[in-house]
Amino acid sequence: MNGSRKSDSCVVPGKRPNKGSGAPRPAEGVEERRLTKGNPGQQNRRRTQGRGSLHNALGRIRQAARRDKQQRFTALWHHVQNADRLEMAYKRLNRKGAAGVDRVTWQSYGEKLEERLEELSGRLKRGAYRARPVRRVYIPKSDGRQRPLGVPALEDKLVQSATTEVLSAVYEQDFLGFSYGFRPGRSQHNALDALTVGLKKRKVNWVLDADIRGFFDAIDHEWLIRFLEHRIGDQRVIRHVKKWLKAGVLEDGKVTSEDHGTPQGGSISPLLANIYLHYVFDLWIQAWRKRAEGDVMVVRYADDFVVGFQHRHEAERFVAELRERFAKFGLELHTGKTRLIEFGRFAAENRQRRGEGKPDTFDFLGFTHACGKTRNGDFQVVRLTMKKRYRAKLKALKAELRHRLHHPIPDVGKWLEKVVSGYYRYHAVPGNARTLWAFRFHVGRLWWRTLKRRSQRSRWNWARMTRLMDRWLPRPRILHPYPEQRLRVIT
């Protein structure tokens, strides 16, 4: 259904049976439903059938993209400008998200949602849609620095989200298996599982822990458009992507526009980043490792990636060639965050034989990875919460507890329960239990110190605090399965 509406009538046909008319017995009967009360001339859309047709349209795009890897899609924009798809994009947005330069919030836009979506759909069809600059905001990072984010206007979020959904139907058939960042059905823990299993099962002796310096700000617009045109022949899609790239950034009352970079925070930015790295890095390393002498494994999550090598000389050659490859497309490896270390099943024995210390560790997606042994003496990858993030979380909790100094204890307890439970949901991986118990202890200690500041005659001894912790702070337990188990189920 392409936004069409039924004229006013007394009865609207209900949902059709699950089986067609040729089936011997329908699974469900057809129920007639009357229109809801409203103005006599009010129009209604058949939501269920309309959304079903939208999913079917994306399914056909996926099939065509999977069938022919060289096909260019020349008619995609009508899927984006559909009012039903725009409404689905609206409902996917964060209801508490910050407003852009238009100062329109999710709630205020929804007051006349249907009318506004129809008007936006009409502008997209007529070519009257104009992208607005993104509003620049900064959020603190764990290392004390600030990360710049761009907050688009709400209608730009809608159109970008709908465009992302349509383009993903094409590019999800092209993206390679070792790419995990910002992809539907893939999470950070999927990337962590793949990395752990690869390090244990493949012949890996050297690990390259790499990071791209200022990746989102370094994306070259010209190269990005050329990459898009490999698959997208619909110039309306290309034209709107250019609009978002050239819309500029509003900061301190001034709008600046660059010929490179895509603001973090936009709905389409993660997909554009994945497309850029798919052509710059993924396809290149896929061909590179086919020519390698030994095993080469790779896991990438957005602009962070880890590559494992069997031979050191190939790892060094790879780093040199990767720098040249990145320089061609305006990218650069972060020297402070890119390291080649000895890591793997034989790293500890080899280093001990040479009189060197324990193998170095590396950080990836919030965990520090180290070489370890099981009780049976087999090699295992130990994953512990990164100390930097651990301390940053406790520091943020300390500041918030000071802010809630005189709040009722049950209110603070309920808040801390959510915070600690959320921390467990990400960090409760096998082998990390001791860190989780330490986190719970330090959260309770911070809360205890805060409660003691409420009065100069505080009677908050540690025994009383322990009872309060048992009431509000959940005890840690491992929530994630072993990587081999989850990876086996998924694949």
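## A loop glycine, a kinked helix and some salt bridges

Gly 431 sits in the loop that runs between α15 (409-427) and α16 (433-452). Helices and strands here are DSSP runs numbered from the N terminus (H or I, at least four residues, for helices; E, at least two, for strands). Before going further, note that this is a predicted model: local features need pLDDT of at least 70, side-chain atom pairs count only at pLDDT 80 or more, and totals for chains, interfaces and linings use all residues. Residues are numbered from 1 along each chain as its sequence is written, and side-chain values use heavy atoms, with hydrogens and water left out.

Gly 431 counts as exposed because its relative accessibility is 59%. The cut-offs are under 20% relative accessible area for buried, over 50% for exposed, and partly exposed in between (1.4 Å probe, protein chains only). Gly 431 and Leu 384 are 47 residues apart in sequence, yet their C-alpha atoms are 7.3 Å apart in space. Leaving out residues up to four places away in sequence, Gly 431 touches Arg 383 and Leu 384, where contact means heavy atoms within 4.5 Å.

Now for Thr 385, which belongs to strand β13 (residues 379-385). Thr 385 has a relative accessibility of 7%, so it counts as buried. Its side chain makes a polar contact of 2.9 Å with the side chain of Asn 432. A polar contact is a pair of N or O atoms within 3.5 Å; within protein, one must be able to donate a hydrogen and the other to accept it, and residues adjacent in sequence count only if both atoms are side-chain atoms. Setting aside neighbours within four places in sequence, the contacts of Thr 385 include Gly 366, Phe 367 and Thr 368, along with Tyr 390, Tyr 423 and His 427. Asn 432 and Thr 435 are also among them.

**Helix α11**

Helix α11 (residues 269-290) has 22 residues and spans 31 Å from its first C-alpha to its last, close to the 32 Å expected at 1.5 Å a residue. That expected span is 1.5 Å times one less than the number of residues. Even so, α11 has a kink of about 50 degrees, centred on His 278. The bend at a residue is the angle between axes fitted to the seven residues ending there and the seven starting there.

Ser 269 is part of α11, and with a relative accessible area of 3% it is buried. Its side chain has a polar contact of 3.0 Å with the side chain of Thr 262. Not counting residues up to four places away in sequence, Ser 269 touches Phe 216, Thr 262 and Pro 263.

**Salt bridges**

Side chains of opposite charge can pair when their charged atoms come close. The structure holds 27 salt bridges, each being a side-chain nitrogen of Lys or Arg within 4 Å of a carboxyl oxygen of Asp or Glu. Here are some of them.

| Pair | N to O distance |
|---|---|
| Arg 123 and Glu 119 | 2.9 Å |
| Arg 300 and Asp 282 | 2.8 Å |
| Arg 317 and Glu 314 | 3.8 Å |

The salt bridge between Arg 300 and Asp 282 has an N to O distance of 2.8 Å. This pair links distant parts of the chain, with Arg 300 in strand β8 (residues 296-301) and Asp 282 in helix α11, 18 residues apart. Both Arg 300 and Asp 282 are buried.

Arg 123 and Glu 119 both lie in helix α5 (residues 113-126), four residues apart, which is about one turn of the helix. Arg 123 counts as buried at 15% relative accessibility, whereas Glu 119 is partly exposed with a relative accessible area of 40%.

Arg 317 and Glu 314 share helix α12 (residues 312-328) and lie three residues apart, about one turn of the helix. Here Arg 317 is partly exposed at 36% relative accessibility, while Glu 314 is buried with a relative accessible area of 1%. Elsewhere, salt bridges that share partners join Glu 342, Arg 351, Arg 354 and Glu 356 into one network.

**The whole protein**

The secondary structure comes to 18 helices and 13 strands. Of the 491 residues in the protein, 46% are buried. Among contacts between residues at least 6 apart in sequence, 70% join residues at least 24 apart.
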